[in-house]
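Thank you for coming, everyone.

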Amino acid sequence: MVNIERRDKIDIISFTVKKIDALVTDEIRQTVNKVFDNAHSKAILDLKGVEYIDSSGFSCFLSAHRAARNSFGTLKIANPEPQILELFQSLHLNNVFQIYDDLEACIRTLR
């Protein structure tokens with residue numbers, strides 16, 4: 001469900017599911033918290049292929065954002081599908097997260 005690829009000291013967290021809901025948020029939360037166990041970690045949530053996120057998914061992302069801040073790390077979001085980006089905007093979470101249309105552009109901002 002959750003994959004981590006490490007590139008240039010950046011953890012890229014991607015998903016093999018199309019829905020992020022209460023059934024998968026525990027695994028996501030555990031994975032992301034492990035990334036931020038180390039101070040100053042950099043991570044990207046790659047949302048390519050994710051077509052649905054419910055309130056528990058957004059809560060999980062906010063928890064991940066908090067974990068990043070608490071460890072002086074950085075968490076950004078890349079590749080949201082158009083309908084997911086609309087949700088981030090309607091919830092005003094685009095003011096909380098730095099969101100990029102392209103994974104490579106997001107990586108460049110973390111180098």
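Let me begin with a term: a residue is called buried when its relative accessible area is under 20%, exposed when that area is over 50%, and partly exposed in between, using a 1.4 Å probe and protein chains only. What you see is a predicted model, in which local features need pLDDT of at least 70 and side-chain atom pairs count only at pLDDT 80 or more, while totals for chains, interfaces and linings use all residues. Residues are numbered from 1 along each chain as its sequence is written, and side-chain values use heavy atoms, with hydrogens and water left out.

Now the core. A nonpolar core here is a set of buried Ala, Val, Leu, Ile, Met, Phe, Trp, Tyr and Cys residues joined through side-chain atoms within 4.5 Å. The largest one has 26 residues, and those touching the most other members are F15, I20, L47, I53, F61 and F88. Two or more residues come from each of β2 (10-15), α1 (25-35), β4 (42-46), α2 (55-70), β6 and α3 (82-90), and α2 contributes the most, namely six residues. These element names follow DSSP runs, numbered from the N terminus, where helices (H or I) have at least four residues and strands (E) at least two. Apart from this core lies another, of eight residues, including I10, A78, C106 and L110. In soluble globular proteins, nonpolar side chains tend to be buried together.

Let us turn to α3. Its buried residues are I84, L85 and F88. Why do they lie on the same side of α3? Because they cover an arc of only 100 degrees around the axis, where the arc is taken over the directions from the helix axis to the C-beta atoms. They pack against β5 (52-53), α2, β6 and β7 (99-100), with contact meaning heavy atoms within 4.5 Å. The face turned away from the buried side carries P82 and E86, which are exposed.

Next, please find K76, which lies in strand β6 (residues 74-78). K76 is buried yet has no salt bridge, and the nearest side chain of opposite charge, D102, is 13 Å away. For charges, Lys and Arg count as positive and Asp and Glu as negative, with His and the chain ends not counted, and a salt bridge is a side-chain nitrogen of Lys or Arg within 4 Å of a carboxyl oxygen of Asp or Glu. What K76 does have is a polar contact of 3.0 Å between its side chain and that of Q98; such a contact is a pair of N or O atoms within 3.5 Å, where within protein one must be able to donate a hydrogen and the other to accept it, and residues adjacent in sequence count only if both atoms are side-chain atoms.

How many salt bridges are there by this rule? The count comes to six. In one of them, E104 pairs with R7, the closest N and O atoms being 2.8 Å apart. Since E104 lies in helix α4 (residues 103-110) and R7 in strand β1 (residues 2-7), this pair ties together parts that are 97 residues apart in sequence. E5, R7 and E104 are linked in a network of salt bridges.

R111 and D8 form another, with closest N and O atoms 2.7 Å apart. At 59% relative accessibility R111 counts as exposed, whereas D8, at 48%, counts as partly exposed.
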